[in-house]
Structure formats: structure tokens, C-alpha cells
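Have the sequence and the 3D view open as you read.

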Amino acid sequence: MGLLSSATALASVIGLYLKSSTASPVALERRFGNTGNVIRGVNLGGLFVLEPWITPSLFSQWEGGNNGTAVDEWTYCEALGKTECASRLNKHWASWVTESDIATLASLGLNHIRIPIGFWAFSVLPGEPYVQGQVPYMEKIIQLAGRYSLNVVLDLHGVPGSQNGFDNSGRYGAIRWQETQTNIDRSIQAIEGLARIAAKYPKIVDAVEVVNEPANWGLSMDGVIDYYKRAYTSLRNIAPNTIMVIHDAFLSPSRWDMLNVPGWQNVILDTHTYHVFVKDRLTLSRDGHLKATCDDAGSVYGFNTRLWTITGEWSLATTDCARWLNGFGKGARWDGSMQWEMNGPVYPGATCSGQNSISAWDSPTRIFFRQFAEAQMDAYEAGSGWFFWNFKTEEADDWNYIKLAQNGLVPNPPTDRHYSRYSLGNNHWNIDISSPWCSN
């Protein structure tokens with residue numbers, strides 16, 4: 001593919017933001033981790049919060065509806081019983097993230113890892129099928145991260161009652177997090193547990209995310225903000241120097257200001273950017289994916305001047321073809337095997353065959369994915385950095401950072417960009433970035 005042009009220049013977008021907002025982010029005294037002002041990391045997804053599409057081997061026995069169905073960690077443990085669930089998960093916790101993985105991530109030039117974990121690691125009530133034992137494994141990973149000069153963000157990925165109804169909250173289905181005060185109290189209890197771990201490893205753990213992806217459409221935003229305020233107090237009481245990360249609750253950038261609470265210090269806003277779950281992104285051409293990324297750069301750059309802003313999840317996927325990505329046993333929008341608003345594939349004849357396998361990608365496809373990786377890195381470093389989802393997967397190569405890097409499809413190290421042009425200023429919120437896809 002040739003280099004692309006766009007009607008909207010990123011430089012112009014950034015210039016408009018600079019004119020409208022020149023304030024600096026909250027609490028500028030803190031750099032991120034040990035390596036500077038830009039986070040470049042990956043998520044260790046599929047470890048302490050199961051997702052069938054990341055590790056389909058754990059769920060394959062239920063394929064086709066055999067012996068009931070497990071669709072998330074709740075039903076996985078419910079189907080197996082606590083004894084068998086604990087046995088299988090201990091084996092999984094011991095093997096899914098290895099020292100070799102951590103060493104590889106460090107060798108790829110990354111500086112952070114984000115570790116998702118569920119509330120049940122800290123609290124399980126009678127009648128809940130979850131099992132515990134995650135914390136010692138997590139501490140081992142933290143220690144390995146320190147050994148390889150990586151910093152860590154601890155992420156409360158699932159809360160009682162589910163904050164979004166996704167399988168990655170631990171329980172697929174209804175959004176019931178705010179239905180009881182007990183759910184909120186137990187979430188804070190989990191934050192306090194994570195804060196104690198952060199305080200134990202202050203040179204390695206530099207941030208705690210207090211809840212992943214709360215769904216604004218199923219929650220009171222006043223309640224979410226009240227929870228953020230309470231979590232802030234709890235975190236500061238135990239680990240006063242640890243950065244707090246809050247998620248944007250899928251709000252549009254125009255509404256992010258409501259999350260910027262006066263008086264807060266050392267707070268990061270986390271936004272997640274995928275190109276496969278909504279029609280407007282999924283149906284884009286390759287040029288369209290690159291140009292849309294320029295708009296994302298403007299959003300994170302603009303808000304980063306008021307509150308540090310990271311893109312805590314992104315990938316190279318431009319289709320939703322990864323097996324069970326949309327839920328266990330579900331098909332894909334891309335080829336029309338899942339019911340969605342287009343009532344069919346994204347275009348006649350669209351197929352999922354080969355979409356998630358590097359070995360099936362031809363030269364133009366490989367070039368595009370390399371360009372897409374660089375465009376997104378440029379965009380998210382217009383804020384305070386990024387975490388790719390995921391560090392590895394069993395099947396889906398477009399979500400597997402290690403495999404992508406080893407095949408030259410993402411920069412190794414991240415600064416080795418062939419198609420984009422960028423320079424880092426003295427201050428992380430003053431990054432001057434120019435990508436060829438964003439220029440006139």
C-alpha cells in the first residue's frame with residue numbers, strides 16, 4: 001500500500017486543542033515507571049479473568065453444548081465444581097504467563113504490563129462458584145516484572161454483579177454492580193487488596209485501575225464517579241504514591257471532563273479503542289482504519305493536557321473473526337455468522353478464513369498491519385501511551401503482540417517505525433507527532 005493522505009491533518013487537530021486547552025495534567029511531578037513519560041505495554045489478559053476466545057482450549061469441552069455450557073469464569077467454575085476448577089486454574093495460573101514471556105516482553109522494548117484480575121481473588125461469598133489463590137501467582141509476576149525492569153498496572157477487571165455484562169467481567173449477562181451497596185463495598189475491598197500489593201512493591205507497581213470498562217448505558221454515571229472518589233480515598237490511604245487509573249466508561253471524548261475531579265492527583269484516564277465491535281469501524285476500508293486512528297490521536301492529545309490519558313486496550317484486529325471473540329459459541333459480524341444490525345456480512349462474500357492467521361496474510365496485508373500498528377502507536381503516544389491487548393493468545397494472531405512483533409508486524413522496539421514520523425518532546429504531554437496518514 002502507498003502512504004495515505006487525509007482531509008484532516010493531525011497537526012491541525014492538535015493545534016486546535018492547544019488553543020482551547022493549555023492547562024497541564026493533574027500532578028505532573030510523577031513520571032511513569034522507571035523509563036520516562038510514555039507507557040508502552042501489553043495486557044496479560046486471559047490469566048486471572050478467563051475469556052474463552054483468548055484460551056479456547058479451556059472451554060473446548062463445552063463446544064456444541066456438550067455437558068452444559070461454560071461461557072465465563074463464573075460458569076466455568078460452576079460447571080466443574082470448586083475442587084476441579086481450582087485444580088485446573090492453578091495449572092493455568094502457573095503456565096499461561098511464564099518467566100520466558102516476561103523476558104520476551106522486556107526484550108521487545110516494552111516498559112509496562114497491565115494485569116487484569118477479578119474481585120473474587122479477594123472476596124468470595126457462599127453461593128459464588130469462584131475459587132481463589134490468584135494473589136501469590138500475581139505477586140510472582142510482579143517480581144518477575146521487576147527483575148526485567150518492567151513496571152506494572154494492576155487492573156480490577158471484574159466487580160460483583162458485573163459492571164458491563166461482558167464475559168471479561170467474570171460473569172456474562174445482566175449489569176448488576178450498582179444494585180446493592182454490598183457490591184460496591186466488596187469492590188472497594190478488592191481495591192484495598194490491590195493497594196496493599198502496590199504498597200508492597202512501590203518500585204514496580206506504579207498504578208491501580210479501579211474498575212475496567214464500566215458500561216455507562218447500564219449504570220448511573222453519578223454512581224460511577226462516586227465510586228471513583230471512594231476508590232481514590234482508599235488507594236491514597238494505603239498506597240499514597242500509586243497512580244489511580246479510571247476508565248472512561250465508554251463515554252465519548254466530549255464527555256470526559258465529567259471524570260476530571262478537582263483536587264485529584266496522580267490520576268490517569270483510560271480509554272479503549274477497537275475497530276471491530278461497532279459498524280462504523282468494522283466496515284472501514286484499510287485506508288479508513290488508518291484515517292480513523294488520526295481522529296483518535298486528536299482526542300487523546302486534547303484531553304491529555306487536562307488529565308493523563310492512555311489507551312489501555314487496542315489491537316490490530318480489523319475483523320471480529322477470532323473464535324468466540326463475541327462470546328462463547330457465537331459467530332462473527334464480519335461474515336454474518338452472528339446476528340447484528342447489517343443482517344449479514346460486512347460485504348458480499350466476506351469470509352473469516354485466514355483472517356486471524358499470520359501464515360495466511362499476503363504481502364499487502366502484512367504491510368497494512370505494520371502501518372496500522374505504527375499509526376496506533378503514534379496516536380496513543382499523543383496521549384501518555386498504550387497497552388496492547390493481548391500479550392499472547394492461543395489462536396488469534398492479530399491480538400498476539402509477541403507473535404506480531406516476532407514477525408515484524410509491530411515495531412520491535414516500539415520506536416522502530418518505518419512508516420510514521422514522530423518525535424518526543426521533553427514533556428510527555430507535549431509530544432509532537434506526525435503520521436503520513438494524517439497529513440494533507
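## A loop serine

S60 sits in the loop between β1 (39-43) and α2 (73-80); helices (H or I, at least four residues) and strands (E, at least two) are DSSP runs, numbered from the N terminus. With a relative accessible area of 35%, S60 is partly exposed (buried is under 20%, exposed over 50%, partly exposed in between, with a 1.4 Å probe and protein chains only). Its C-alpha lies 9.4 Å from that of A70, 10 residues apart along the chain.

This is a predicted model, where local features need pLDDT of at least 70, side-chain atom pairs count only at pLDDT 80 or more, and totals for chains, interfaces and linings use all residues. Residues are numbered from 1 along each chain as its sequence is written, and side-chain values use heavy atoms, with hydrogens and water left out.

## An aspartate in α10

D378 belongs to helix α10 (residues 363-380). D378 is buried, at a relative accessible area of 1%.

## The largest pocket

On to the pockets. A pocket is an open set of points on a 1 Å grid over the protein atoms alone, where a 1.4 Å probe fits, with protein on both sides within 12 Å along at least five of seven lines; lining residues have an atom within 4 Å of a point. The largest one is lined by 39 residues, and E213, F250, H272, Y274 and F277 lie nearest its centre. β6 (267-272) and α9 (286-304) are the elements giving two or more residues to this lining, and α9 has the largest share, four residues.
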